[in-house]
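Please look through the structure shown here, with its sequence beside it, before reading the notes on its rings, charges and strands.

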Amino acid sequence: MIRAALLAALILAAATPAGAQSDAKLFQALDRALPHKAPTMGPRLTQQQGADWKAAVEAIGSVAARSSGTAVEPYALFYLGNALFNTDQIDEALAVFKDLQERFPEHPLNSVILPGTEKSMVAGAVADCAAEIAFRSKHEIKLLPEPELDDSLKAVLHTSEGDVTLKFFENAAPKHRENFLKLAREGFYDRTAVFRIQPDVSVYMGCPLTKERQINQWGRGDPGYTLEHEISRVSHEAGVVTALQANRRRRSHGSQFQILLTDRPNLDFLQTPFAKVVDGLDVMRRVSVMQTNQYRQPVEKVYINGVSIEKTGGGTKKEGRDG
Amino acid sequence: MSRSTSPSAWLLQLIAALCLLIGSVPAQGTETPRTRPEKPAVRDEGEPAVRPPAPGGAQDKTITEPEDPSELKGTFQVNGRTVEVTEGRFYRTYLLLKVNQPRPNAGARMEQLVLEHLMLVELAREMGCMPTEAELDLIDPLKRSSDPSLKKALMERYEKAGLTPEDVRRYAAEATAVQRFKNLHANSVRVLSQDAYDAWKRTHHLFRIGYVEFCASDYEAALRKDPPDDSTLKRFFEDNTQVRNKLRRPTSLTADVLRFDPSKLPEEELARLRADEVPYETALSYFRDNQDRLMSQVPSDRRHELHPPEGTPLEDIVTPFEVLRPQIELEILLRPRIQETFEEAREAMPDWDAEAAAKRHGLEHIHLQDVTQQDVAEALPGLGTRLYNQMWNTQIGSCSPGVQYSDGTFYFWCLRDKQISRLPTFKEAMEKGLLQEYYTWHSYALAEKEAKAFMKRIDAAISSRTSEKEKAIDEEYEKKAEQEIERRGYTEQQQKDATRARYKALAANEKRELRNRYRGKAFQKALEESGVEMKELGPFERRTGYVARQEIEDPERRKRIFLKSYYALQQMQPGDVHDKLLSDTASRCHFVLKLLDKVGPPFEEMSAEEFYQHRTRLRRQQGFSGGFNWSYQKLRKDLNWKDA
C-alpha cells in the first residue's frame, strides 16, 4: 500500500504543473514570513507587538528569491521593500519598489488606488522612500546600536529554587548594568527574597526590606537612590531583566528588578532592560506559579542566597559573593 | 492563474489512480488496516449549529432566509466598479460567518460584520489577494484533512447551517483573501524620520510670549494709603464667608506630656541599674506580653542573626528573646520610674503640677498650650497624629490609659482643656489679621476688574468688525436647525430644543473662530488705547509637572512658572491671543496672553534615544490604529454603500 501510494505521489507530482503548486506553497511561506498578522474579524483591540524586521528581511527575502517569475513575486517584493525600509536600508527599499513599479506596472499593487488614499501602495512607498532619503540627506540620523549580549561577563543568582544566569547587554543601559554589579558585589541582594510574582508573566526581586520580617513592607525598599532611564533597542521580551520604574517619571528603581517570562512591549520606554536570562528561566517560571499570599508573594519564601559575577575569556574568573 | 494539462498528464494521473486502487486491495491473508471508530456527530439532532444570541444581549438583528435570493440588497463601488449584493449572497455569507467566525465583539451587529466582510472581499479581489485553486486545495479543510471522521463532522456542521462543500471552499477563499489584504496594510507601516521629528517637536517647542499683567500687588499700595474704617471692615467680614473660614479658630487642646528616654540616661546610672538582675522567668513573661512590639525593635545590625543560613550549627542559632533580652531587662528596670509619676498625676489631676513632677523624677516635660494637630505632630514627631486623636477622645482632667511606649521612649499625658473649631468673632478676626485679608481681597478684585476691562476693549474692537458676520452666522444656523426639524418631522418640543441647541453650539464655534482671527489686531489696539505695557517672556520650553508655586518666595518666578506651564500654549499659533483671562492665585495676577513665536528646535537636538522612542511609538500606534481603517463605518463611507 505504501509503495503504491509513493509511486502514485511521484506520478502525480510529475503530472501537476509545478507553477500552480509552488505558487500556493510560496504564498503560504510568504504569509508565515510576515511579522504582523492582521485580525480577520473586525478591528480587534490588540496592541501590536514589536516586530523583528531584521529577521523579516531575511525570511521575506528568501521567499522573494524563490518566487521569481511567479504570481507571488510582486507581493514578496512589496513586503521586502517595507521590511528593508523598517531596518533603515532606505536605498535598498527604494530600489526594490522601483523594480516592482517597472516590472509589474499592471499589478494591483501599482495600479489600484484604494478608497481614502491618493496613490497606489507602491507609489506611496516610493514617495515615502524619496522623502526619507531627502530628509536624511539634510540631517544625520543617529541610530541606536543593535543590542548585543556581553559574553565576557555573567552574573549567577543563586536562589533557593535554583541558579539563574544572566548576561548583560554590551551596548545598552551601561549605568544600570554597573549599578547591578556594584550592588551584587557589595552583597546587597544577598538574603533578599522574591517579593512579588505574576504567574508566567514576571518575578520581582531586589528589595532590601525582604530581609525584614514585615511582609507588608516588601517592595518598598531601595538603596537610597534612583537611576535615569536608559533607552535602548532592547524590547521587553521573555527572559529580559528590567529595572522597575521608580515613583518619579523617567527614573528607574535603584535596586528592584523583574525577570520577564513573557513578551511585554508595553513596558518599553517605561522601564530599562539591562540583562537577559541565558540559563535558568525555567526556575523563574516555576517560582512564578507558586502559591501566593494576599500580597502576591510566594507563601514559601524564595531567597537569593548570593550573586556571583563571573568573567570569561582568558579563563573563567569568579568574583563577588558566592551563594 | 490557470493550469494547463496535456493529454499525457491526464494519462499519468489515470495510471496513478489505478495504482492507488490496486494498492488499496488487501493482499490475501493480510489483515485490513485498522480504521478509527466513527466519532459521534458533533451535536445531537435538533440542536442548532450555532448558539443563538442571548436574549437582551448583543443586539443581532434577526437575519432570516430571504424569499427571493436574487433581490438586490445594496450596492457599493470598488475602483469604479459597481458591486451588487443580493439578499441571497448576503444570507449565505451570514451563515458562513456564523459557523466559522468567533462570536463578534459585544455590541457589534452581525449585519454590519457581514457587509464589512463582503466589502473587504471585493477590495481584496481588487488587490489580487484571492487565492488560486491550487492554493485553495491546500487551505480547504475538506480537501486538506485526511481524517474522514473530521471531514464528516465538519460537513455535518455546515449542513446543519444549510451550507454546502462549495460554501466551505468559498469561505476558505474569502477569509484568506481578507487576511492577505489586511496583512498588506499591517506590514506596510512606514514611519518617516520626519514623523518622528514632528512628534518630538510637539513636546519641545520653544515659545516666546507677550503678556499684559494685572497684579494685586500693584493695587495694594493704593489701598493702603486709604485704610478702611471699622464699619467697612465689619461689613467685609460679615459678607465674606471665605475670609471668616480662613480665620476660623481651629480645634485645639491643652495638655502636659511627660517623657522618659532611657537612652539618655548617663552611663553610670545605666550600669548601676544593670547590676540588678532580672529573673529569666520575669524577662520571658515580659517578652511574651509585649512580643509584637518588641519584635519590631530588633536592632537592625542583628536582624540577620534571626535568619541563619543553611548548615548553621545549633549552638550558633540565636532566638529573638536572646537578642532582645538586654532591652527587655532595661524596660523592666526603668518602667517603675515613670509608672510612679503616672500614678501621682492620675491622683492629683486637675491640680497636678506637671513641671515639678518632671523635675522631681528626672523626666522630660512638654507643655502643649492650645495646640492643633499639626502642632502636636511637629512637637512630638513619631507619635503626633495618634497622640492628638487619643487626647481629643479623652475627658478633660483625665490622663492616658497607662504609660505608653513608642520609638524607644516611655510617656504619658494628661489633658487640661480642649476647644472645638469655631468661626471667629470680629474682634478675634481683627487680631488674626482681618485688615490684611481686606487688602488682599480687594487688591485682587481690583486687578481682576482692570483685567476684565482690558478684555472688554479687545472684545469691543473685535465686535466692531465681526458683528454683522456673527449675526449672519446665527441666522444661517438657525435656518439649518429649522430645516432639520422639518426634514426629520420632529413634533416633540424636546427634540426641537435639542436640535436648536446643537446648531447653536455649532454657530458658537464658528463665531469663536471668526473672532479669534481678529483678536491679534484688537489686542494691539487695546494696548495702544489703554497705555498698558506688554511684557515678553521667552524663548522657553513648556514646563510640565506640578510645582508648588505658593512656596516660592520670588513673585516674578511664580509668574514665570505659571506662564511657562500654561497648557493652551501648545495649541496656539504665532499671533494668536488667548480668548480667556488667565488668573493665577499663587502670584495673585491676571494675564492676557499673546503667542509671539513658536519654533521647533532643530532635528540635531533630538537625541538618538528620543528618535528611537518616538519612531517605535509611532510604528506601534499606526499598526494599532491601522486595524480600524477597515471598520464597517469607514468602508461604508469610502465604498459608497447604498441600500437598494
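The briefing below goes from chain A as a whole to aromatic pairs, charges over rings, and strands and helices.

This is a predicted model, in which local features need pLDDT of at least 70 and side-chain atom pairs count only at pLDDT 80 or more, while totals for chains, interfaces and linings use all residues. Residues are numbered from 1 along each chain as its sequence is written, chains are lettered from A and ligands numbered from 1 in the order in which they are written, and side-chain values use heavy atoms, with hydrogens and water left out.

**Chain A as a whole**

- Chain A has nine helices and eleven strands, where helices (H or I, at least four residues) and strands (E, at least two) are DSSP runs numbered from the N terminus.
- Of the 323 residues in chain A, 50% are buried; buried means under 20% relative accessible area, exposed over 50%, and partly exposed in between, with a 1.4 Å probe and protein chains only.
- Among the contacts in chain A with a separation of 6 or more, 63% involve residues 24 or more positions apart, a contact being heavy atoms within 4.5 Å.

**Aromatic pairs**

- Over all chains, a search of the whole structure finds 36 aromatic pairs; rings of Phe, Tyr and Trp (its six-membered ring) pair if their centres lie within 6.5 Å, and planes under 30 degrees apart count as stacked, over 60 as edge-to-face and the rest as tilted.
- One of them is the tilted pair of A:Phe135 and B:Tyr197, with 6.4 Å centre to centre and 50 degrees between the planes.
- This pair joins two chains, because A:Phe135 lies in helix H7 (residues 121-138) of chain A and B:Tyr197 in helix H8 (residues 193-202) of chain B; both A:Phe135 and B:Tyr197 are buried.
- B:Tyr566 and B:Tyr567 also form a tilted pair, at 4.9 Å centre to centre and 50 degrees between the planes; B:Tyr566 counts as buried at 12% relative accessibility, whereas B:Tyr567 counts as exposed at 56%.
- In chain A, ring pairs link A:Phe168, A:Phe180, A:Phe188, A:Tyr189, A:Phe257 and A:Phe274 into a cluster.

**Charges over rings**

- B:Arg180 lies over the face of A:Phe27, at 4.2 Å from the ring centre; a charge sits over a ring if NZ of Lys or CZ of Arg is within 6 Å of the ring centre and within 35 degrees of the ring normal.
- B:Lys234 lies over the face of B:Phe426, at 5.8 Å from the ring centre.

**Strands of chain A**

- Strand S2 (residues 162-169) of chain A is mostly covered, with seven of its eight residues buried.
- S2(A) pairs with strand S1 (residues 149-159) of chain A in the antiparallel sense over seven bridges, two strands being paired if DSSP finds at least two bridges between them.
- S1(A) and S2(A) form a hairpin with two residues between them, and A:Val156 stands opposite A:Thr165 in S2(A).
- S2(A) also pairs in the antiparallel sense with strand S9 (residues 272-279) of chain A, over four bridges, and A:Ala275 in S9(A) is the bridge partner of A:Phe168.

**A sheet in chain B**

- Three strands of chain B form an open sheet in the order S2-S1-S11, with antiparallel pairing; strand S2 (81-86) and strand S11 (642-643) are the edge strands, each pairing on one side only.
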